[in-house]
Amino acid sequence: MNHHQKKYNKAVDDVRANQIRKERKMIKLPYGNSYIDCQCKDAAVIYSGVKELKSDKEGLVIVREAMANPIGSKSLYEIARGKKDCTIIISDHTRPVPSRDILPPMLEELRRANPEILITLLVATGCHRGTTKEELIHKLGRDIAEYENIAVHDSENPLSNVEIGILPSGAPLIIDRLAAEADLLIAEGFIEPHFFAGFSGGRKSVLPGVCDQVTVLGNHCSSFIDSPYARTGIIDQNPIHIDMMAAVQMAKLAYIVNVIIDEEKNTVAAFAGDPKLAHEAGCEFLRPYCQREPIYGDIVITTNGGYPFDQNVYQCVKSMTAAEACAKEGAVLIICGECRDGVGGESFYQLLKECRDAETLYQEFMETPQQETKPDQWQCQILARILKYHSVIFVTEKELKNVIKDMKMIYASTLEEALAMAMAEKTDPSITIIPDGIGVIIQEQTKG
């Protein structure tokens, strides 16, 4: 056990041994920047322990302390000495990474090592839309957004991306030139459970963060998504993770700073150093707060954790997998998400709209060769997997009513309406509520 792990042992031990309990009181479900009130008598509620994450230190202090004690690597100051230029991979608008806590210490260390170093902040959009200037100002603060050199990755521009190798999956590794040609490549990020990569953060800054669409499609192919190891909280034997780690090595990512945030999106822990070891330390620190035993229900209610996590339908598929993991045979799933940014992917929408049914679509994906993977296929595949066995009622804004129906789900304008629909299908149903579906890892505890 390293010194960094010992530092957090007390915090882990303070987590309640059993976060799952019967509830009769009002339960607040995150929705956009607000909440939906839910009261279901005798419902089983599975809480994420993220609410137990606390710190009396400011985020900047937490990050600086982590950088002063790097895991498995030299300090950033030592790594940056003699380097002429540096690319820092930063998160995009879909991630609530507290960059204002992370970037200032990183920039300070780089410029302390070499006052003349040329620094580029490369926004890791993956296959998402480009981040706007307004979003960058909101995320980074006006000083960094206006005075630092910032580039937004474009996964569909072959002129800005270059091939640097072949991944274990056989897919070509094509990454942004600003990452491939940097004298020093480092990254910021945050760690949370991820529904097919196991955890976010670390290696995801490179793949899919700054990769060409061709590479992302190859990594997110149907056979990998179908793997029983491509699930929330699983890294070992996860084929998607294996590809991502290979991408980190080939891209020569030298150093990361990853943080963990609380329910208010404040930094409560930080891990800096070697991309593999620092990320693994962060994942193991977070796991006890998130991993929960399943409680199976005939009706399962969840959310995508509020804004920005629930900014579109695409992102909300993540929480559906938590509901899926607690669903009895034929259970009805109710998902609450504001989706102020709409669907979140035209291919995602069209594939579901145009298919005959979820089962047929899923089979089509399984028959699709890796090199023919379609954009957003992975998100459609996971949603189709869920829809094969469960009705999904989506509580969102009225503007998305037809979109939800087109995508083979059931629309409801309120949670009360959704519950009435679900109750009509079930007699004396058991109900499970997961207030934050992306903040939990639903797994049977390993018996040791």
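Buried here means under 20% relative accessible area, exposed means over 50%, and partly exposed is anything in between (1.4 Å probe, protein chains only). With that in hand, cysteine 339 counts as buried, at 4% relative accessibility. This is a predicted model, so local features need pLDDT of at least 70 and side-chain atom pairs count only at pLDDT 80 or more, while totals for chains, interfaces and linings use all residues. Residues are numbered from 1 along each chain as its sequence is written, and side-chain values use heavy atoms, leaving out hydrogens and water.

- Phi of cysteine 339 is near 55°, a positive value in a residue other than glycine. You'll find cysteine 339 in the loop between strand E17 (327-336) and helix H13 (346-354); helices (H or I, at least four residues) and strands (E, at least two) are DSSP runs numbered from the N terminus.
- Lysine 265 also has a positive phi, near 70°, and sits in the loop between strand E13 (253-261) and strand E14 (267-273). Lysine 265 is partly exposed, at 24% relative accessible area.
- Leucine 207 and proline 208 are joined by a cis peptide bond, with omega about 15°. Proline 208 belongs to the loop between strand E12 (198-199) and helix H8 (213-219).
- Another cis bond runs from tyrosine 307 to proline 308, with omega near 5°. Look for proline 308 in the loop between strand E16 (297-303) and helix H12 (313-325).

**Nonpolar cores**

- A nonpolar core is a set of buried Ala, Val, Leu, Ile, Met, Phe, Trp, Tyr and Cys residues joined through side-chain atoms within 4.5 Å. The largest has 93 residues, and Ile260, Val313, Phe348, Met407 and Met409 touch the most other members.
- Apart from that one lies another core of 37 residues, among them Ala66, Ile90, Leu136 and Leu140.

**Salt bridges**

- The whole structure has 15 salt bridges, each being a side-chain nitrogen of Lys or Arg within 4 Å of a carboxyl oxygen of Asp or Glu.
- Lysine 28 pairs with aspartate 37, with the closest N and O atoms 3.0 Å apart. Lysine 28 is partly exposed at 49%, and aspartate 37 is partly exposed at 36%.
- Glutamate 148 bridges to arginine 111, with 2.9 Å between the closest N and O atoms. This pair links distant parts of the chain, 37 residues apart: arginine 111 is in helix H4 (residues 99-113), and glutamate 148 is in the loop between helix H6 (142-147) and strand E7 (149-152).
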